[in-house]
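Biologist: I would like a close look at a single part of this protein. Please keep the account plain and give the cut-offs for each term.

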Amino acid sequence: MITLYLARHGQTEENLSRIFQGHLPGHLTEEGKRQAIALGKALENIPLDAIVSSDLQRVADTVRLAVGSRDLPWEKNALFREVDWGSWTGMSINSVDRSCFPKDAETPAMLYARAGKCIDYLKQHCEGKSVLVVAHGQINRNIIAQARGIPLGRLKEIPLMKNGTTIQLIIQVSQVNR
């Protein structure tokens with residue numbers, strides 16, 4: 001079993017500007033920094049064994065502020081990055097024709113499959129641990145779906161996590177996955 005505390009990074013300037021951040025580094029706003037510190041306070045009495053996070057800057061900044069002086073092993077892993085928006089990356093959400101998805105972007109099915117790989121990775125490396133995973137809105141939604149056995153077609157039933165929030169998930173590790 002893995003006790004997973006799944007968190008979303010703090011608010012960024014790009015969130016406020018409503019742009020497709022994707023794999024951009026992102027810059028925490030002052031509110032985003034406060035959210036990260038509040039996340040740390042919410043987690044301060046929770047025993048954690050490790051941190052796994054996206055390798056993007058907005059997440060790394062969130063983890064540093066949230067974890068503070070706690071001495072925990074921390075792995076930054078590109079598997080936990082936000083959806084890759086391809087040629088939409090850096091563009092305003094309102095400036096694109098959302099009915100015409102770019103060919104170079106990660107599709108919803110691809111992101112859902114990658115979230116399954118995130119779960120598999122955690123099962124392989126974090127069995128028996130209490131782990132903080134800090135990532136992004138879209139990948140987190142897909143990780144939640146995969147952990148709960150919710151199919152891709154019902155993904156929209158899972159609300160996007162708000163910046164700086166966390167949820168607890170219990171992931172069972174079966175003998176087959178060892």
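Leaving aside its neighbours within four places in sequence, which residues is Phe 80 in contact with?

Modeller: This is a predicted model, in which local features need pLDDT of at least 70 and side-chain atom pairs count only at pLDDT 80 or more, while totals for chains, interfaces and linings use all residues. Residues are numbered from 1 along each chain as its sequence is written, and side-chain values use heavy atoms, with hydrogens and water left out.

Contact here means heavy atoms within 4.5 Å. With neighbours up to four places away in sequence set aside, Phe 80 is in contact with Val 52, Ser 53, Ser 54, Arg 114, Cys 118, Tyr 121, Leu 122, Val 133, Ala 135, His 136, Ile 139 and Ile 143.

Phe 80 also belongs to the largest nonpolar core, which has 33 residues. A nonpolar core is a set of buried Ala, Val, Leu, Ile, Met, Phe, Trp, Tyr and Cys residues joined through side-chain atoms within 4.5 Å. Buried means under 20% relative accessible area, exposed means over 50%, and partly exposed lies in between (1.4 Å probe, protein chains only). The residues with the most contacts inside this core are Phe 80, Leu 122, Val 133 and Ile 143. At least two core residues come from each of strand S1 (2-8), helix H4 (108-125), strand S4 (130-135), helix H5 (137-148) and strand S5 (166-171). Helices (H or I, at least four residues) and strands (E, at least two) are DSSP runs, numbered from the N terminus. H4 gives the largest share of the core, seven residues. A second, separate core has 13 residues, including Leu 48, Ile 51, Leu 72 and Val 134. In soluble globular proteins, nonpolar side chains tend to be buried together.

His 9 touches Val 134, Ala 135 and His 136, among others. It is found in the loop between S1 and H1, and at 2% relative accessibility His 9 counts as buried. Other residues that His 9 touches, not counting those up to four places away in sequence, include Asn 15, Gln 21, Arg 58, Asn 163 and Gly 164.

A salt bridge is a side-chain nitrogen of Lys or Arg within 4 Å of a carboxyl oxygen of Asp or Glu. Asp 55 lies in the loop between strand S2 (50-53) and helix H3 (57-67) and Arg 81 in the loop between strand S3 (74-76) and H4, so the pair ties together parts that are 26 residues apart in sequence. Both residues are partly exposed, Asp 55 at 30% relative accessible area and Arg 81 at 23%.

By this rule the count comes to six salt bridges. Another of them joins the side chains of Asp 61 and Arg 64 at 3.5 Å, N to O. Being three residues apart in helix H3, Asp 61 and Arg 64 are separated by about one helical turn. Asp 61 is partly exposed at 23% relative accessibility, and Arg 64 is partly exposed at 44%. Glu 157 forms a salt bridge with Arg 154, with the closest N and O atoms 3.0 Å apart. Glu 157 is exposed, with a relative accessible area of 51%, whereas Arg 154 is partly exposed at 41%.
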